[in-house]
Every structure is written in structure tokens, then in C-alpha cells.
Protein chains: 4
Amino acid sequence: MANKREGKIRAGIVGATGYAGAEIARLLAMHPDVEIAWLGSRSYAGKAFGSLFGNLYQIVDLDCIDDDTERLKATIAQLAEETRTDVIFTATPQGACMQLVSEELLSRTKVIDMSADFRLKNVDIYQKWYKIEHTAQQFLDEAVYGLCELAADRVKDARLLANPGCYTTCSILTAYPLVKEGMIDPNTLIVDALSGVSGAGRGAKVANLYCEVNESAKAYGVASHRHTPEIEEQLGYACGSDITITFTPHLVPMNRGILVTAYAELFSKADGTLPTEEEILAVYRKYYGDKHFIRVLPAGSCPDTRCVEGSNYVDICAKPDYRTGRVIMMGALDNLMKGAASQAVQNMNIMFGLPEDAGIGFIPANP
Amino acid sequence: MANKREGKIRAGIVGATGYAGAEIARLLAMHPDVEIAWLGSRSYAGKAFGSLFGNLYQIVDLDCIDDDTERLKATIAQLAEETRTDVIFTATPQGACMQLVSEELLSRTKVIDMSADFRLKNVDIYQKWYKIEHTAQQFLDEAVYGLCELAADRVKDARLLANPGCYTTCSILTAYPLVKEGMIDPNTLIVDALSGVSGAGRGAKVANLYCEVNESAKAYGVASHRHTPEIEEQLGYACGSDITITFTPHLVPMNRGILVTAYAELFSKADGTLPTEEEILAVYRKYYGDKHFIRVLPAGSCPDTRCVEGSNYVDICAKPDYRTGRVIMMGALDNLMKGAASQAVQNMNIMFGLPEDAGIGFIPANP
Amino acid sequence: MANKREGKIRAGIVGATGYAGAEIARLLAMHPDVEIAWLGSRSYAGKAFGSLFGNLYQIVDLDCIDDDTERLKATIAQLAEETRTDVIFTATPQGACMQLVSEELLSRTKVIDMSADFRLKNVDIYQKWYKIEHTAQQFLDEAVYGLCELAADRVKDARLLANPGCYTTCSILTAYPLVKEGMIDPNTLIVDALSGVSGAGRGAKVANLYCEVNESAKAYGVASHRHTPEIEEQLGYACGSDITITFTPHLVPMNRGILVTAYAELFSKADGTLPTEEEILAVYRKYYGDKHFIRVLPAGSCPDTRCVEGSNYVDICAKPDYRTGRVIMMGALDNLMKGAASQAVQNMNIMFGLPEDAGIGFIPANP
Amino acid sequence: MANKREGKIRAGIVGATGYAGAEIARLLAMHPDVEIAWLGSRSYAGKAFGSLFGNLYQIVDLDCIDDDTERLKATIAQLAEETRTDVIFTATPQGACMQLVSEELLSRTKVIDMSADFRLKNVDIYQKWYKIEHTAQQFLDEAVYGLCELAADRVKDARLLANPGCYTTCSILTAYPLVKEGMIDPNTLIVDALSGVSGAGRGAKVANLYCEVNESAKAYGVASHRHTPEIEEQLGYACGSDITITFTPHLVPMNRGILVTAYAELFSKADGTLPTEEEILAVYRKYYGDKHFIRVLPAGSCPDTRCVEGSNYVDICAKPDYRTGRVIMMGALDNLMKGAASQAVQNMNIMFGLPEDAGIGFIPANP
């Protein structure tokens, strides 16, 4: 195992009392090669973690340490040293991780950031979409975008890992093979996505109350959601040019799950015909056939979020529509798992030389 | 009041024990100008309607009559006569209403068909998408497509009314003004739609069990759903040419609601610029500003199914995406109400000279 | 119509932006004999009501006035006069209405209080359970406990009406006939109740977030819920003695609904036998057979919250268990309707001499 | 490891395509010491298991064998031999397992029965409540009632294990310590229980459709549910006498979970006082303090089904109500896990000498 102190990997979590942070804690508590060094929270500093999350009562036996960003940025390297922390997960809003990272910290500890701070290589785009000045641009080049299945080689040696967003992971994986192979016009790409409510976070807002969300479906962030440039940048790498897409997220009444339905115009083949359904699925199998956590479904299938719930799996399929010359690409994942926590652990596994599926090989539950 | 016997309008329902049929029964039971003459059901013939639908216990006090199509087609005109039925709602699967209608029946009774039998004027398209031979083609010309807000004039005099589908009503109303005004390229139209589970009907199928649908989101009928040609035909009339669109329905875990998110390329104006958000919404207000049941939401809004639940309202908004040159159009309605039962009653109201909102003026409940 | 100014009844709502207040607004907006004079809100003062509640957009066209209790208590009588308000609904937390009522106010305007301030006649019990000093004890005698079906005579002439709680309405109506007739031992009464989440209010609390409640069931307020003494007081009147009961509320994942399952020991009849199921149901029919909004279900039925959703109906049934000598009594209602808003309107109807069901005769929707 | 062939434990499942059967298959597919030998289904014989349960696609790679009871009863011993099956789970309705077991079968293979066939020692009670003649009474004495935490010693050597029901497991564990210690009067016990919908099974019935259950809560099987005598028998052993209780199950809209709220009269202590809350909880800790999968919550807590979802844990707490002299006992578990599949695997682990938590140590997910 690479780059760690002796014994088990020791992990700290900044922002452990949000849904993503708590899910990382839950996964690490079951991980055979990890022990949790500390759990940070500003709102619940000093509180027993198991009293906040009843599922972890008597299982995770730690009190939250205060992780206020202002305070922590001066002390995190020391904290890491004293607690012999091998890896820190920052499950924080945008703008926090950039304040915490430093050469001193990264020389001692790996950082896996769940926020967008190091996802976009283009700092102008980051500042435009997130309305935040980027104060740690010196690490942008080094940071590795951790969509594991597409970047395992780079993840392996990362010190600073930008864990992809939930919508982004699902959107990119769903469209990637056809973009990469030049089978679709990437500038015609429209990504229509549905999210479970845990994606909206654990903040106390009226809009996220049970009765405001239950029995309800609506779009939000239309033509302006921040995951848009992340999808554009990554798929742009795949096709070798800048692209512009439409991305529309929706909130639907379920706890977990991202469902992507993506549309694009198929390019004709050299003979002037459109690719067959089998040719399209063959491309998916070419890229994902050997990926443990990506399942290319049989022709005619439609991925269902419940079939990946609680797991690190991504289910994908696609169907051509010859009446319109388009292809409909579909993907499903669990937003708190492959869309956040279990992908972070998957990245951690790769970064520390563990088997990719260590501690995250759960089979989805049904129902 | 036109075309009826004396006293209240007397209504019969074929297929009253499906969700749409039972919803019509519920609405008619509250309608000040209607009395229910009979309720038909094949599966529950002879059973007390109020024992099947607990919400109607002690309110609708009728036993179901047997409405087996084979039997009924020989007797329905006589039934209508004997029961002095002014209007019959056929809340049946495709293929039933075409067997029941006849000149004899229509000369005595108005028919409002909830199925697709008389929605498509082009019989070839009907037969291709529904795989059923159309046996009552002689009534196709006469049948009026009852999207009330766009066809009130024709509805007024209809004897045979084809009540639009739930997806269709929402899709057409959402896109109509921009198609009609030539502001979008209709052949770039992609309709991505979500439906509550009542849209799948009341049949006992494993796929519709609570545990198979709850905490789940998935597409279905991709590139093949039967509401596609209905949308194409009606929007084709609006723009004066045949069009081809992509339509993708999804099932999401809620009882009621259709949410449409539709995408199309905006045409530039004469000056080469794209229309502003305000210009786009002004077109919606031009067509719908005087429609009681259509609410054009303020700029920046996203329709939410729960805000129309239990009502005949349709909420609509649109937003241009200048990065891509597209517009995102959004609409929401209650699939059992404006998408089925209350639109049928709205049509009945118009057909009998009643105020359009008689008996269906419910304000949506929240939550 | 009694006790009102000319024209329609003019109503004001204090606390109109909670779930109960907004539901009253929705009902009044559909009520043929009422117009809304003003809607109060502290948090949303100055905001358009229709922008806060999308269901009421373009339907309720009023801005919220500031109803901060401190400010309002000095001005409410003047406000009532200036706005010619005939009735004020106080949909506020405990402690607000007692500050607002005064002889001056009640001489001009009727007050229907949705809180507990005037529900308990025994002020010591109020102060013990609610931990609030009661500052308007002079109105306790006058205030009428508005469980309409049991108190229509007193409601008729009320100036100050205490609208019962949701759990309470369901619990009392479910047990009342057997307590009143002396068929059960009231001190063995155990009320186990389930509530939909709207009962927890519209406050922004983590505990009421969608993801904290969905896929979850739990008890709360065990042996300490404040609706307990209200049930005890009212059922105590029924049997003519002080009683003590056990009441356990639970939160279950649905928007609306109260379901009560109550247990008590049956008294033997004079001949030493226990009453038959039919004898038990006959008692229910004796008390409720002529009540428009209470449905005694057939023997063997179990009330279901969805069968009363959106309505003012209460469904009730009971079943003896001869193995244990107990009876299981069951009742269901919609907590925002019969448990709050529509019962308040029902009381208003009675207070103003309108038909009891005016504006609230909705048939429950299903599904 | 005791009593098995070489290598991993080989398991077969009769009735693998119900919810409990499929959940056992999922657990076994993750179990480090087990391999699935065969999966039986009558309805889906010949179908790929992974095509029926999308969550298991590409994970469980077996076709269902036909397990029609009539056919299987003649061949199951041979099947076990040929497939070297060490343990058979019968996830079937009542009446099937009794036809399959035989001395020949049990001499080769252990049987874990998920049905009620061998749960009740008193065959008269079985036949009365289940209306089935018991055809394998010779195994009733030998069969071990597998409530692991209370019977690990007997489970260890069992050949035929009766896996307890979901309601039963939760009810018994919740009340057992106070019954066993004589702190409550067991004949005053009232068990009020809520169940998620997966408890109703995977059969295609209208009553279990999404729209029939969602936004709904109701009791069922009042005074007649078949789990009643199972609770009575087991708690009767605990107190050493026959007891009679009231048990009322309810269906609430969530996939998984059993919540028990149980009521009983506290006995006074020798000094005439009632036991303190701390004394009550101490009794729970005495019995469960060393049980891995039972968590006694802190005083004042209310178990929540979501805090045990997806796990084998049971959360328990209790609160005295001194006003009434009763105690309210509360317990929560996942009906498909501790209430069915994971308890079955826990029993298997004990029967084969494995650590009790092997393959079932999942931490509950939240949300």
C-alpha cells in the first residue's frame, strides 16, 4: 500500500454532518482497511456523531471536532500530523477546500475534495459559475479529476483529488463512449437529469421539507446549473474540442438516485447510414465491459435508480431513434454513493493501492 | 343548455373502475349540473361502487353494471335511451370506443372518449402505433380533438369528442405558442416528460406495485411511446407542416402529475438576434392570458406538479439558453385531472353550454 | 346570516403562511359566501401570497400584512374595523391568540383559534402541559370547543371558538360513542395515532426535511404529547368523570392524514356477555348516523387516511377482540382539513348560520 | 465449520423470486463463506435471475429452476445431493415447507424455513390460525424457533430452523426483557405495529399497487393477524404461562421497516412504587447489552425504522407513563433483513459455526 503511515489508513472528514460526509463516515466504518481518525462539523462541534445519525449509534463512537474553515485552515496540517491522518475528505461547500489545501498539508496527507473547487481546470469558468475567487489556483494543474473509470491512471498518484459531482458523474459516463468515438455531435447534447432529494443537502430550508418535495416534480437551475461546465469540460476532453450543452436538473420525490436521459444527434457512418442499436451498445461495452462498477444493460433496457441504490454501480443503456436521427442515452447511479461518497472511497482505494472495490462492493438493495 | 334531455345532465361511464373512470365519477358526483346515470365495469360488475372506492363510500350509491365491450356494443344505444343518458364517457383501453360508437348512439347521446381511438386523424398512423385495426373510421372526421383551450369552438358542437392524453395535453400546451408563432424549429423538439404512477393505471401488475416504483425513477417507451404521433399531429397543425419529435416518458414515485421539460432551437429574429425571455413569455401570455385554467408563470419560474395537483390548472413557463440557442419549455398538470377526468368534464361543460369551469374549479391543494 | 356586516363574510387570517393558515386561505378562496380581507404573516410580510404558495398563484391576489403578535395585539381591533373583518382565524402557535383577544375585538369580530389557547377549560392543566402563563383566562369560560359534530349548539352562538387539534378531533370522535354509552372503561383507553408530516408544520427544521422523514416511521412525544389532556378533558365530559389515558403519536411518511387506533376494555352487559360487533357499530351509528361528515364504515372495515384525504370527512369503525375482552376503535381524517382548516370553516359556517358543508363539501380524491 | 461439505457453504433457495427470497439471494451473493447453488421459482422458472431483479444483473448469474412444491417434494433430497447443497432456505407461503422436509432431506441438508410451518409448537393453534392441516408434525419438536438473540444455543445444532416472522421478531424482542423479569402484566400487552409495504409481498394485487398504498395509512387483520399466536407462544415461554395479547398491524407507505409500539401495565415493586425509567432500561441492557445486533437506545429515544434500514440491527427503547401506570415499549427493524433474510443468514451463520455477523454486518444507510 502506497503513501501511508503504518497500519490501517487513517481518515479525517471535514463536513462530516452533511449527507455526503456522513455517508463517507458510514462507508469508512465498514471499510476493512480504514479507521476514522476524526469527524469535523461546525454546527455540531462537540456532539457525539452517533447521537446525530441514529444509524451509526454505537457504531461510530466519536465526537465531532470543530471544523470551522477559518480556524481549520491554520491548523489542519498540524491536526493531520497529530492524528496521523493519511487522507482527508472535504465534504464542504465550494470555497472551503481551496482555503485548506497547502503544500504543507499535501506533503503529509492526501486530500479528496467533494466540492467543485478543483474540478474545473479553467479558473475563469469556475469563477464565473461559482461567483467565488479561486485562492488556490496553484493546485489546479495538480488536482486530478477523479472519475475513476476514465482516469484510474492519474488517480493512482494524486495528492489532491477532485471528486466529481453527482449529476456530472452520471452525465459524463452516460455520454462518454459515443462522444469519444465521434458517433454523436456533442454540441447537440441535451442532458435531462432527475435527482433524489438528498442531493439538495441536509440544510434546514423550507424548500427541502418533506411536504414541499413529496408528491412533487420540478426542474430547477434551468440553463444555469453549475454542473454544466464540468460536463462540458470533461466531454470536451473526450472529443478534443470545446463544446456547449444544455443541462436541466429536476428534483423528484425519492431519497437517492440520479437518472440521466441524454439526447444527441447521431453522426452517419461512412456509408451514410446511422449506426445500429447493436453498434451503439458495442461502443459502450468497449469502454465499460471491464469496469467492475459500470453495467451496460441489454438492448431495450432503461436504467432504474432503485437498481443501483445503496451501491457504487452505474447502469447505462442507449437507444437510437431513427425517426429523428437521435440517440437517447440513459444512466443511473446513487447520488450519495457513486455520485459522492463511494466514488470518493473508490478514489481513495486507488490512491492507496487497494483493490478498487475494497469496502464498497455492496450489491444494490431491492426494494 | 344545448342538446340534452330535461333536468340535470345524465352521464354514464364505461370503464368506471379504472383511475380515470373513477375520477370522472368523483367529479360528476360534485358537479352541480350532472347526475350519474350508471357506472360500468367488467371486473366489478354488480359490486357497489362505494365499496370499491372508499373515498366515495356513502357518496356514490350505485352498483356497477356489466360493461363488457362485446355485450355492450349491441346494447349501448338502448341503454342510453332507457337511462336517459345525455353523455357517455368511455374510460376504456384503446379499441373499445370504436366498437361502441354508431350513428344511432351519437344521435341520442354525446360520447367523450378517453382512449386514443379518435385522437389521430390519420388512420394509418393509428394502426401503426396501436397495432389495432380501426373499425369506425367513418367517425374520424367528425370526432373533435378536445384540447379545450385550443379548440373550444369545435368542441361546442361535438357529438364525439376525443379527450387528449395526459402526456399529450401537457406537451402540446407547453410547446404550442412557440410552434404556432414560428419561434422554434419544431423538428428539433425534444419532449422529456415525467409522470406520476396513476398514469400506469389500476391493473394488478408487479411493475406497478408500491415497492417496484417507490424510490425509483426510470424512462420507458423510449423512442416508441404512443403519445408521440398525437403530439406530432397536433403541433403539426399549429405550424402547418408534418413534424417529427423525440418524446421520452419517465415514471417517478408520486401518485399524480405530469411534468414536461421540452427543448427546441430558437429561430433568430429578423435582426439576427434571438428573442428575449420577455418576448418568449409574451407569446405565451398572448395565447393563454385569457384562459382560466392555464397559468403562465413569471420569468424564472419552474412549474411544479404539486402546485396543480387536484385541479384542472396547467402551469407553464419557458427560459431561453443563449449559450446553446435553445429554449427550455416547461409545463405541469395533474394527469388524472387536466390530463384526463377534469378535461373531459371541461369538454362536457363546453358541449352542453355550461360555464367552462362548472364543477371543476378546484384550487390545487398544497401540500 | 347572523352577526355579520353586509355582503359576503370577510375573513382575516393571522399566521396565513403556515400549512394550516394557507389551507384556510385556499378553502376561503373557494367558499361561495366568503371573501378574504387580509392574510397575515410575520416572516413573509409584504410578499405576494401567490408567490409563496404556487398553488394559489393568480388565485389569491393579496400581499401578506405583518402580523407580529406584539404589534398586532395593539392594533387588531382597529384592523378588524377598518377592513370590515367578520371573522379572524388565528393559525398561530400557542400563546398568540390569548394576547390578541379582547372584549373590544370580540364585540366586533368572531375569532376562530387554531391553537390550544382556549381548548382546555382547566387553566392549570394548560399551564402545566404548555409551560405558558395564560393571560386571557377571562375568556376561557366563554370559548367554545369546536368539535362541530358534538357541539353544534354551542358553536352557533360562539364569539370565540377553540378549534380542536388534529389528533384530538380524530381521537375523540373515534372513542366518543363507546365512552358516552359507558361501553368501555375509559381509564383503559390507549390511543395510538399516526400523523402525516404536514402536522409537523412548515418551519425549517432538519427533522422535517424530506430525507429525514421519508422511508421512516417513529413515535414521538411518548407519554408527554400536549394533545393528551385535551382528549382526556373532552372524553371526561362524555363519561362524567376525570379520566387518564395513554396517547402515543407517530410520524409516518405521507403529507396528510391522521389515523387513530384506540384500545379499551369492554364492559360486560347486564347478562355478563360482551357486546356484539353489531351492537358496537349500532352505537356509532346512533351518534353519527345523521352527521354529514362522519362515515361509520361497515363491520370489518379499517379506515384508510387516503379515503378522506382532501376532505372534511372522518371515517370510523370498531372491532371487538373477544380473546382479550378489548375493542379496537379506528378513525381516519385529513389533519389539515377536518383536523384543522375545514373544521375551522365548518365552525365558521355554523357560527354564521350557513349550511354546515358550505364550501367544504369536497369528495376525497383517490389516489 | 460444522456439518457441511467441503469448501464454501452451498445454499439453495426455494421461492427465490419473492422479496424475502431475493433478499436472501442478495445477501448470500455478498457472503464471504457462501455460494449460491440454485434459485427456485415457479412463476419464473427458466428465467435469468438477474433479468428479474435489476439490482442483481451481472452479479447473480443463475437461471431459476422450477420449484413447484408438488414436483419438488419428490425430488428435493436428490437435488440437494446432486448440487451438494448444505442449506436450503424455503421462502415460501405457509404449507410448502412442511411438504418438503423429510428425514432423508434433513439428514443431508439443513433447512431454514421462512414460513410459519414450524414456528408454533402447538399444532392446534397452527391449524386454527392458518386453516391448513399440518402434515409434518413429527418435526415440530425438533424445529428450532430461530430468534437468534434468545435462542443461540438451540440454533447451533438445529437441522430444521423456523425463522421468525417480521412482526414477531420485533414484537418479541421489544417486550421480552420486561416479560421475562416479571415487570409487566403480560395479559395487558397491546402490540401496535407498523409495516413497510414489502411485508405484503411481491404478488400482483391491486391492494399493493403504488397508488393504493402511497399517501395512505391503515390497520388490517385487526384482532385476527396470524402473527398473534406466535408472539403469545414465545412470550408465554418467557413468563412461564399462557398469555393472550392484542396485536394490530398497520400498513404505512415505505418500502421497509417494522415499528412496534407496545403497551402494558407495570407491576409495582415490593415497595409499592413503580420501576424508574432507568431501572426499566437497565433490564433491557441486561438482556441485550452483549448482543451485537440489538441496540438499546438512550432514555427518551424513539426508535426510527430508517435508522436500521438495510441492516440486521434492532433498535429498542421504553418509557414509563406514571400517569397511567403503563410502560410504552418501542422497537424497530428492517422487515426484509432482521425480519426475514438477514436473520435467516444469522441463523445459518450460527448453524454452521460462523461468526454471527458474517456477511450481514451492514451499517444502516441514512437517508
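Predicted model: local features only at pLDDT ≥ 70, side-chain atom pairs only at ≥ 80, totals over all residues.
Colleague: What is the order of the strands in the open sheet of chain A?

Modeller: The sheet of chain A is open, and its pairing is mixed. Its edge strands are strand 8 (218-219) and strand 11 (294-296) of chain A, each of which pairs on one side only. Seven strands take part, in the order 8-9-7-10-13-12-11.

Colleague: What angle does the direction of helix 8 of chain A make with that of strand 13 of chain A?

Modeller: Helix 8 (residues 166-180) of chain A packs on the sheet and touches several strands of chain A, including strand 7, strand 9 and strand 10 (258-265). Strand 13 (326-333) of chain A is also one of the strands touched, and the angle between its direction and that of the helix is about 140 degrees.

Colleague: How many residues of strand 12 of chain B are buried?

Modeller: Strand 12 (residues 314-321) of chain B is mostly covered. One side holds B:Val314, B:Ile316, B:Ala318 and B:Pro320, the other B:Asp315, B:Cys317, B:Lys319 and B:Asp321, and all of these are buried. The number of buried residues is eight of eight.

Colleague: In which sense does strand 12 of chain B pair with strand 11 of chain B, and in which sense with strand 13 of chain B?

Modeller: Three bridges link strand 11 (residues 294-296) to strand 12 of chain B, and B:Val296 stands opposite B:Ile316 there. Seven bridges link strand 12 to strand 13 (residues 326-333) of chain B, where B:Ala318 has B:Met329 as its bridge partner. The pairing with strand 11 is parallel, and that with strand 13 is antiparallel.

Colleague: Which residue takes a positive phi in the hairpin of strand 12 and strand 13 of chain B?

Modeller: Four residues lie between the two strands of this hairpin in chain B. The positive phi, near 75 degrees, is taken by B:Gly325.

Colleague: How is the side of chain A that touches chain B divided by class?

Modeller: The contact takes 40 residues from chain A and 40 residues from chain B. On the side of chain A, strand 7, helix 9 (210-213), strand 8, strand 9, strand 10, strand 12 and strand 13 each supply at least two residues. The division is 19 nonpolar, 10 polar and 11 charged residues.

Colleague: Which helix gives the most to the side of chain B that touches chain D?

Modeller: This interface brings 15 residues of chain B into contact with 15 residues of chain D. The side of chain B comprises eight nonpolar, four polar and three charged residues. The greatest contribution, three residues, comes from helix 9 (residues 210-213) of chain B.

Colleague: Why can the copies be said to meet through the same surface?

Modeller: The comparison rests on the interface residues of chain B that are also interface residues in chain D. The copies meet through the same surface because this share is 100%.

Colleague: How is helix 8 of chain C oriented relative to helix 11 of chain C?

Modeller: The axes of helix 8 (residues 166-180) and helix 11 (residues 277-288) of chain C come within 9 Å and cross at roughly 105 degrees. Angles of 65 to 115 degrees count as roughly perpendicular. Helix 8 of chain C is therefore, relative to helix 11 of chain C, roughly perpendicular.

Colleague: Which residues of helix 11 of chain C make the contact with helix 8 of chain C?

Modeller: The residues of this contact divide into six nonpolar, no polar and one charged. Helix 8 of chain C contributes C:Tyr176, C:Pro177 and C:Leu178, and helix 11 of chain C contributes C:Val283, C:Tyr284, C:Lys286 and C:Tyr287.

Note on methods. Residues numbered from 1 in each chain as written. Chains lettered and ligands numbered in written order. Buried ≥ 20, exposed ≤ 12 C-beta atoms within 10 Å, placed from the backbone. Pairing = 2+ DSSP bridges. Contact = placed C-beta atoms within 7 Å. Nonpolar A, V, L, I, M, F, W, Y, C, P; charged D, E, K, R; others polar. Axes fitted to C-alpha atoms, helices over the stretch in contact; angles between N-to-C directions. Parallel < 35°, antiparallel > 145°, perpendicular 65-115°, else oblique.
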